[in-house]
Amino acid sequence: MNDSVKSLLTFVGSLTLVSLCWEAAVAGGAVNSIVLPAPTEIIRALGYFASNFTGRIAYWEDTWITFKEILGGFLLGTTLAVAIGTLVVEFTPMRRLIIPYMIALNSTPKIAFAPLFAIWFGFGAMPKVLMAAFICSFPVLMNTITGLQSVESDQLELMSVLRASRWQTFRRLKFKVALPYIFASLKTAMAFATIGAVIGEFAGAIDGLGFQLEFAAARLRTDRVFAFLIVLSVIAYALYLIVEILEKRVVFWTRLKGSDRQ
Amino acid sequence: MVELIASANVEITNVTKVFSAGTQREVVAIDNLSLEIRPGEIVALLGPSGCGKSTLLKIVAGLIMPTDGQVTIGEEPVVEPSSSVGVMFQKPLLFPWLTVLDNILLPHTVHSIRRNVYQEKAMGLINFVGLSDFHNHYPAQLSGGMQQRVAICRMLVTEPNLYLLDEPFGALDELTREYLDIELRRIIQSKGQSAILVTHNPVEAAFIADRIVVMSKRPGRIVGEVVVPILEERTSALFATEELNQFVREARMLLEFEDDAR
């Protein structure tokens, strides 16, 4: 039995055990189902979500809106983070200008900006995309800087010997060296973008999965809260998997091991 | 496949290099050193660690400027790296994201020259160093010795008329180093070019070079020379001969004399 089968069996086994105990605790009256609905109730709520995915309630619209906010925020935040990280490393005046703001912003509780973004940009997708971008950009920014700075001095000497221009040195060496660092942070950023989009919807929205989740919570439909949480997790995990597949293709050399040596 | 290009005459005149000049941490790395390398000559710079031999090589390569004095290559003063000079470093410095062939073509691709222009030449070099089955492999899939052979090809592909070799096999085991010493001597001789080899290994110096220049501890000065007039082809059998050992002993005596004099 290989490791991935063992991991899967462990996961399924532990989940089944926890679910059984959980179900029994709720059925036995030890826990109120408004506080913690039984797994079967959550499954029913997921069925409700699926049966109303199209039609009158049209949850697909909420799903699509939140998906766009997460993806939009992720793309905007990570692109800006890589660009700013590059400016910070490559241009000393930019470093002096940007670093103090970066430190200050990173120290603030970023989710507290959500109401501000709602005031500034209204109730549409914009404040959610910005919130997702804002939250997810910091790990990418930090790793871009670390990655670009991790180029060895003799690698730079080699590029000098080859009379490579500054742009060529950046494109052919520094950026490539930084890529594994950037990809490592993109996976964290994807999870952060989901948090940002949902927080943005909490702060003021008329649609989206975060809005639906908050709406269900206000009506004490805890089972549906769990259902929306699961749907959000599935979206975040699917996007995470896409980043991971991209990582394997783009920074393939990090997986070439010494065991492949001749 | 062997093409002869006019080899360079190198004149190092009264070169001094001081690091952190005028500060408390001032270090005189090289002190008023003069040396001439004649066209087609292979010179080994032999000396203890920190004697400034690598610094001297970097000055000849145009990577750093001397504090005083001048270096000329074929009448031209060295002020920056030149396309007519090929450099090999202690580490192979191959880019892990490029195949063997693409690493060898790097000196051309950084200048945006289309790879197919030099591909045939690069393949010829790969055959020359016995790596013809590995042109599509990545560096992580090669042994240390194979990686250094790729680095030799990367140096040769631009057809330089001066080779600067900074302890190119210092990080390899004894057997691989001897094998590559034979290979390097064969390659340099077949091209008929001048070369400066930096090493702290007297055996390697005597095997590869036509002349060994022994340097003192910091600040680097020349303490003596040993001419190695072995004209016949240098094969692995030479390592065990009294003829080579005699030159190794002479070089060692100069190193030890320098030690005793201090």
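**Ground rules.** Residues count from 1 along each chain as its sequence is written, and chains are lettered from A, ligands numbered from 1, in the order in which they are written. Since the model is predicted, local features need pLDDT of at least 70 and side-chain atom pairs count only at pLDDT 80 or more, while totals for chains, interfaces and linings use all residues.

**Chain B overall.** I counted seven helices and 10 strands in chain B (DSSP runs, H or I of at least four residues for helices, E of at least two for strands, numbered from the N terminus). The radius of gyration, taken over C-alpha atoms, is 18 Å for chain B, close to the 18 Å that the globule rule gives for 262 residues, so chain B is as compact as a globular protein of that length. That rule is 2.2 Å times the number of residues to the power 0.38. I boxed the C-alpha atoms of chain B along the principal axes and got roughly 55 × 45 × 35 Å. Of its 262 residues, 44% count as buried (20 or more other C-beta atoms within 10 Å; exposed is 12 or fewer, partly exposed in between, with C-beta atoms placed from the backbone).

**Cores.** I looked for nonpolar cores, meaning buried Ala, Val, Leu, Ile, Met, Phe, Trp, Tyr and Cys joined through C-beta atoms within 7 Å. The largest has 83 residues, and Val60(B), Ile196(B), Ile212(B) and Ala251(B) touch the most other members. Helix α4 of chain B (residues 144–156) gives the largest share, seven residues. Another core, of 52 residues, lies apart from it and includes Phe49(A) and Ile182(A). Leaving out residues up to four places away in sequence, I found Ile196(B) touching several residues, among them Ile37(B), Val60(B) and Leu165(B) (contact: C-beta atoms, placed from the backbone, within 7 Å).

**Asp102(B).** I found Asp102(B) in helix α2 of chain B, residues 100–109. Asp102(B) is partly exposed because 18 other C-beta atoms lie within 10 Å. Arg115(B) is 13 residues from Asp102(B) in sequence and 8.2 Å away in space, C-alpha to C-alpha.

Note on methods
Two residues are in contact if their C-beta atoms, placed from the backbone, lie within 7 Å.
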